[in-house]
Amino acid sequence: MPLWLELTIRVGGVVVAFLTLPLIVGQAEHKVMAHMQGRLGPMYAGAFHGWAQLIADGVKFVQKEDVTPRAADRPVFQLAPLVALVPYLLVLLVIPLGPDDLVGQALDIGLFFALAVVGVGVVAVLMSGWASANKYSLLGGLRAAAQLLGYELPLVLAAASVAMAAGTLSLSGIVETWEPWWLLWQAPALGVFFIAGVAEIRRPPFDLPLARSELGFGDRTQYTGLRDAVFPLAAYVGIVVIAALTTVLFLGGWQGPFGDDYLGWLWTLVKVFAVSFVIIWLRVSYPRLREDQLQRLCWLVLVPVALAQLVLTAAVKIAM
Amino acid sequence: MTAADVLLLGLGAVAVGSGLLVVTTKHLVRAGLYLVVCLGAVAGLYLVLTAELVAWVQVLIYVGAVVVLLLFAVMLTRAPIGASDDLDRPGWPALLVGGGAGLGLAALLIDAFRWTKVDLPEAGTAERLGTEIFRSWVLPFEVLSVLLLAALVGAIIVSRPDIGTAGKGADR
């Protein structure tokens, strides 16, 4: 296969994943939340159980007026949604779907790349929060920055533990060396990574920066139209990214009960959707954390657990 | 000129240009955002030079943490939208020091290398970097960690003035 064709197929595949997976997760959120709350959720768009609801939402957003507040810092305000979305798209590039190079772009340090790029998303929150020239937006942006700065540390430490265990920073390499008993050995890191990941994408119960009831919608308050639609889209891609990273790092990625070689992609997708389901479940189950509870959880629980896990990983690694 | 040359020149121009904007713009927060662009371009330079780990460390630490902390602090204290006209700190000492250091380094490097061609070393993978740091460069690495520890302790002392005074009161 010529290089350009391979490249086109790979990038095309990632773009397709980028366009479909978040919508599936978003639709699942609508339906799962509704059923957990004894409702039906969207039922009309697309006739069958409202499957086209998010597409209809998208059409609605496109038709709306794109307003930039007069007092806002125009270029920064308009650029922020893009900065929020692009990092997640880049992360999807390096997440392996199956064995034998079934990945957008295999990187030797894929794990590092993913964490670095996810971290850039903070800049977008600060940009949108500040440039809106709105005190609720600014408060939301500051809350988000304080939260993301704190939670990045346990996220990276937990990921470092599994990288130590596998002896590689390549995401495919980590899945290859993964064995089922790691579920037990890396269980604390799994918990820390998952919680910190949910906080990193600001999903409930860590949605203090958005806090609809006290801040309007945090840093998104002033956005309208298509730009406003980009933020929830980025949030859904964020769910997919965190679920996929959890899957690849801690749940064995494409390793399944049988047929890893040809069914690997299916196992990965099943695990990604299972983890996404749990993230949605959390939103329905837990109330929002207060700022002090948020920081306490991060610095007094997650960071020490992650550090202890690092020691445990090193000890087991040396003993073996 | 190869593709790598073009990329190096382009990224270098972006880095220098955005760096200039950082110090010349009157918009406080935008200066921080230009810094993101500048550091990102430097990370791109590392990538072109095949030092991929250093490049992504640059993004993770500088863009993801240092600049964000800086922006956070600026927004927390004073961050008007639009130009701040009261930034009256004289620019010439910084110009002197910065320009002098930049020109001096440039002259030194140009004089040292002229047109000699330097082959790219092996790619800066995580593995190679790890072996180098933990074999040849262990001592500087450990000394640096002591420096960081001192900075941490210093930060705690500065942010909590009650520590020192309470101790003194009890001693005397």
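I read chain A along its sequence and got the pattern α-α-α-α-α-α-α-α-α-α-α-α, that is, 12 helices and 0 strands. Helices (H or I, at least four residues) and strands (E, at least two) are DSSP runs numbered from the N terminus.

This is a predicted model, in which local features need pLDDT of at least 70 and side-chain atom pairs count only at pLDDT 80 or more, while totals for chains, interfaces and linings use all residues. Residues are numbered from 1 along each chain as its sequence is written, and chains are lettered from A and ligands numbered from 1 in the order in which they are written.

I looked up burial in chain A: 48% of its 320 residues are buried. A residue is buried with 20 or more other C-beta atoms (placed from the backbone) within 10 Å of its own, exposed with 12 or fewer, and partly exposed in between. The C-alpha atoms of chain A fill a box of roughly 60 × 50 × 45 Å along the principal axes.

Most residues other than glycine have a negative phi, and most peptide bonds are trans. A:Ala47 has a positive phi of about 70°; A:Ala47 sits in the loop between α1 (3-36) and α2 (53-63) of chain A and is exposed, with 9 other C-beta atoms within 10 Å. B:Arg114 has a positive phi near 50°, lies in the loop between α4 (92-113) and α5 (126-135) of chain B, and is exposed with 7 C-beta neighbours inside 10 Å. The bond from A:Pro204 to A:Pro205 is cis, with omega near 5°; I found A:Pro205 in the loop between α8 (187-200) and α9 (212-215) of chain A.
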